[in-house]
Amino acid sequence: MLQTTVQTLAALLLAATCTASPAPAPTPAPSPFEVEQAIQERDIEKRAATCTFSGSLGYSSASKSKASCSTIILDTLTVPAGTTLDMTGLPDNTVVIFKGETSFAYSEWEGPLFAVSGTGITVAGESSGGSILNGNGASYWDGGGSSTGKTKPKFFQAHDLTNSLIEQFTILNPPVQVFSINGASNLELAYITIDASAGDSLGKNTDGFDIGSSDLVTIESATVYNQDDCVAINSGTNIIFKNGYCSGGHGLSIGSVGGRSDNTVDGVQFLSSTVTKSVNGIRVKAIENDTGKINNVEYDSITLSSISKYGILIEQNYDGGDLDGGTASSGVPITDLTIKNIVGTGAVASSGYDVVITCGSGACTGWTWSSVAVTGGKKYGSCTNVPSVAACS
C-alpha cells in the first residue's frame, strides 16, 4: 500500500513539472539609442523652465544657471565692469530674450561684453521692440579706436553658432567693434540696429559686422550708424547682406583678405542696400604680397550718397590702409566679381574718387560690370590692370 502511494505521488510531481509554465525571460538591457533618448527626455524636463534674471546680480545667476533654462529672459540687467555676460555653450534650442536696457559698466579691458555659442540658439529682443544693449561707448571714445588710447572691449561675440538666429534689438554706443562672427554655420541676423552715432567725433573702429571662417550667414534689414566698416567679410562662404542701411562708416567691405589662417572669401552677396555719409561705398581689399582668394562676390542694387573718399574701391595693394602699398600684387586674385545696378550719381565728394581699381597682373578676371553710375568725384590716375568690362573713373 505504501509503495503504491509513493508511486502515485511521484507521478503527480512529474506531471506538475511537465505542465508548469516556463519562467519569464529576463528583461533585455536597453539599447544605446534608448538610453540616449531617455537622457534627452530627462534633460528636456529639467530645462522646461523659463528663467528670468534682472538687476545688478542677474548677470551672474544667468551665466551659472544657463544650462537649466530652456528660455532665458535678461530683464534690464546691469553687467559689472570687466565682465562678460556669458551665454556660451548653451544647450541646444535655448532662447535668450533681452528685455528693457542691458547696460555694461565701464572698464578698460578687451571684452567681449556679451558672448554666445551653441546649436539652434535664438537671441532676440522683445517682440514689441525697445530692447537695448548699451556699451557705454562715450566713456571709452578717445579717437584711438582699438589701436591706441584706452583699452576698449569688443561687444558681441557670436562664435560657433549653428542653425541659429539673432534678431530685433539695438546695440547702442559700442566702445569699438560690435559683432564678431566666427565659426558660424547657418546663422541669420535680422532687424539689428547698431547706433554709434554719438561717437562721430571720437569713435573709431566701431565695425558693425566682422565675419570670418563662417558659412551660410545672412544679415537682413540691419541699420548701422558707425565709424568703420558697416560689414567686413575677412573670410567665409555663402554670406548675404541685404536690405541694409549703413551710415557714417566705411561702407560694404570685403577684407582685408590675406595674412590670416583663413584667407578665402567665396560666394558673397550685398543686395538692395544703402550706404550714405560714409568714407567709402563699396570696397574690396586684398593685402599686397599675401595669398588668398576672393571669388564670386556680388554687389547688386546698392545706392550711394554723400561718400567722402571712394565710391568704389577695389585694390590689391592694401597694406594697413587704402592704396598705401606699392604695386598691386596677384597673390589674392579677385575673380567672378559682379558690380551692377549701382546708383550713385553725384554721390562722391568733389575731393574724392568715383571708381578706383588697382589689380595685379592677371589677378582680376571674370568680372561683370553693368549699370554702374557713380559720379561727383575725381578720376583716379593710377588704376592698374583694369578688366575690360569695368571702368576706372
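This is a predicted model: local features need pLDDT of at least 70, side-chain atom pairs count only at pLDDT 80 or more; totals for chains, interfaces and linings use all residues.
Several strands take part: strand 9 (156–172), strand 10 (179–182), strand 12 (209–212), strand 18 (252–257), strand 19 (264–287) and strand 20 (293–318) each contribute at least two lining residues. Strand 19 gives the largest share, with four residues.

Attention now turns to the aromatic rings, where the count comes to 14 aromatic pairs. One of them joins Phe98 and Phe114 in an edge-to-face arrangement, with 5.4 Å from centre to centre and 65° between the planes. This pair links distant parts of the chain, since Phe98 sits in strand 4 (residues 95–99) and Phe114 in strand 6 (residues 114–119), 16 residues apart. Phe98 is buried, at a relative accessible area of 0%, and Phe114 is buried with a relative accessibility of 0%.

The rings of Tyr310 and Tyr353 make a stacked pair, because their planes meet at 20°, under the 30 degrees that stacking requires, with centres 6.1 Å apart. Here too distant parts of the chain are linked: Tyr310 belongs to strand 20 and Tyr353 to strand 23 (residues 353–358), 43 residues apart. Tyr310 is buried, with a relative accessible area of 6%, whereas Tyr353, at 22%, is partly exposed.

Finally, ring pairs connect Phe98, Phe114, Phe156, Phe169, Phe179 and Phe209 into a cluster.

Note on methods: Residues are numbered from 1 along each chain as its sequence is written. Side-chain values use heavy atoms; hydrogens and water are left out. Rings of Phe, Tyr and Trp (its six-membered ring) pair if their centres lie within 6.5 Å; planes under 30 degrees apart count as stacked, over 60 as edge-to-face and the rest as tilted. Buried means under 20% relative accessible area, exposed over 50%, partly exposed in between (1.4 Å probe, protein chains only).
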